[in-house]
Amino acid sequence: MSTPAVLRQSMRRFATSAVRRAVVPAAAQEPSATTIAVSKAQGVSYGLTGAIGNTPLIRLNKLSEQTKCEVLGKAEFMNPGGSIKDRAALYVVKDAEERGLLRPGGTVVEGTAGNTGIGLAHVCRSKGYRLVIYMPNTQSQGKIDLLRLLGAEVYPVPAVAFDNPENYNHQARRHAERLVREQGEGASVWTNQFDNTANRRAHIETTGPEIWAQTNGKIDAFTCATGTAGTLAGTTRFLKDISGGRVKSFLADPPGSVLHSYIQSGGKLAERQGGSITEGIGQGRVTDNLAPDLPLVDGSLHISDEKTIEMVYRCLDEEGLYLGASSALNVVAAKEVAEMMGPGHTVVTPLCDGAYRYADRLFSRKWLETKNLIGSIPESLKRYIVLP
Ligand SMILES: Cc1ncc(COP(=O)(O)O)c(C=O)c1O
């Protein structure tokens with residue numbers, strides 16, 4: 001018998017076998033009307049970029065019961081590159097294309113050590129562009145390797161402050177300018193995620209409308225931490241506009257970031273001091289992405305690393321969610337906003353990425369001890385500390 005015939009026969013056998021009848025409940029054979037409607041609406045994604053966004057909005061059941069609110073997490077870890085930064089990556093590249101700054105086969109240059117680089121790597125491969133990444137040489141070899149295996153050319157450079165011309169962001173800009181000088185207009189673009197407002201536009205045009213549609217407009221507050229602030233600014237702008245200002249917005253800030261004190265002091269910019277276990281968030285200035293929408297923000301919260309790490313473990317244990325630290329910080333903020341607003345309110349926050357890239361730290365006893373955070377993990381959750 002030929003191979004396809006054997007396959008067909010064994011599939012027929014499986015289809016009628018008692019095993020199949022036993023393991024597949026009748027209901028699973030008939031998709032629900034919702035499944036069909038969602039699948040039809042999603043249709044086919046034309047290339048990777050079509051699969052960015054439209055992430056599920058997950059009700060955090062335990063936290064919702066605890067606060068008597070609806071605490072909802074937008075599952076941004078389900079983007080193809082694994083984080084919320086896929087949205088910004090797609091928009092800064094689309095913006096460069098629309099403005100004629102990037103011709104086919106051109107080179108995208110960015111300064112990033114994190115998820116934006118990963119998002120850009122996927123978007124650039126999918127669209128046929130080259131990608132060059134500059135990052136501080138203090139970053140782990142793992143991050144460099146990941147970007148290289150995703151096809152990027154990576155330059156780790158000395159970690160110096162932003163006002164030093166050798167800062168990785170300025171080197172990225174000069175690299176793109178050099179390529180344009182040598183190869184002409186359209187050869188290269190520096191996507192400049194911090195101050196390129198195409199980043200904020202991604203969230204005005206996608207994240208905000210998705211949240212509004214998914215909650216049927218029944219949302220009372222949005223909160224998240226900021227790196228570039230594209231997410232907070234764009235989502236806040238959309239939700240404020242569509243709700244006539246009704247939806248509240250709160251900035252959540254980790255230790256080492258100046259924005260909480262900036263908002264609380266009515267606009268005094270302090271020196272950056274200290275640091276946090278979170279990655280991708282925390283800021284020392286008001287970026288161009290944040291500036292137009294900062295006046296719309298209703299308030300801010302400072303979230304300690306102790307609360308964040310506890311929430312990493314709680315989300316895993318109570319909700320089954322394996323989240324990175326910035327997402328856990330956002331969930332703490334959503335819980336505090338829910339408690340502040342009182343029962344019956346709906347609060348939404350992004351779950352920016354998963355814990356996969358951070359597991360060797362977040363679940364390591366030695367690392368937790370070094371950071372003085374082991375005492376913040378409740379005894380009942382210490383069984384998740386599985387790495388030495
Ligand atoms: C894990 C993670 N969370 C949050 C953010 C912050 O998002 P935004 O740059 O839109 O403020 C980033 C940004 O890189 C990130 O990597």
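## Overall fold

The protein chain has 16 helices and 10 strands; helices (H or I, at least four residues) and strands (E, at least two) are DSSP runs numbered from the N terminus. With a radius of gyration of 23 Å, close to the 21 Å that the globule rule gives for 388 residues, the chain is as compact as a globular protein of that length. The radius is taken over C-alpha atoms, and the rule is 2.2 Å times the number of residues to the power 0.38.

This is a predicted model, in which local features need pLDDT of at least 70, side-chain atom pairs count only at pLDDT 80 or more, and totals for chains, interfaces and linings use all residues. Residues are numbered from 1 along each chain as its sequence is written.

## Two domains

The chain is divided into domain 1 (48–79 + 206–379) and domain 2 (84–190), with bounds from an automatic or database domain assignment. Their centres, taken over C-alpha atoms, are 26 Å apart.

In domain 1, 15 residues are in contact with 11 residues of domain 2; contact means that C-beta atoms, placed from the backbone, lie within 7 Å. Helix H10 (198–214) and H11 each supply at least two residues of the domain 1 side that touches domain 2.

## Around the ligand

Both domain 1 and domain 2 give residues to the shell around the ligand, so the ligand lies between them. Of the 18 residues around the ligand, Gly227, Thr228, Thr231, Gly280 and Cys352 come nearest. A residue is near a molecule if its C-beta atom, placed from the backbone, lies within 6 Å of it. Helix H7 (115–127) and helix H11 (230–242) each supply at least two residues of this shell.

Methods: Contact = placed C-beta atoms within 7 Å.
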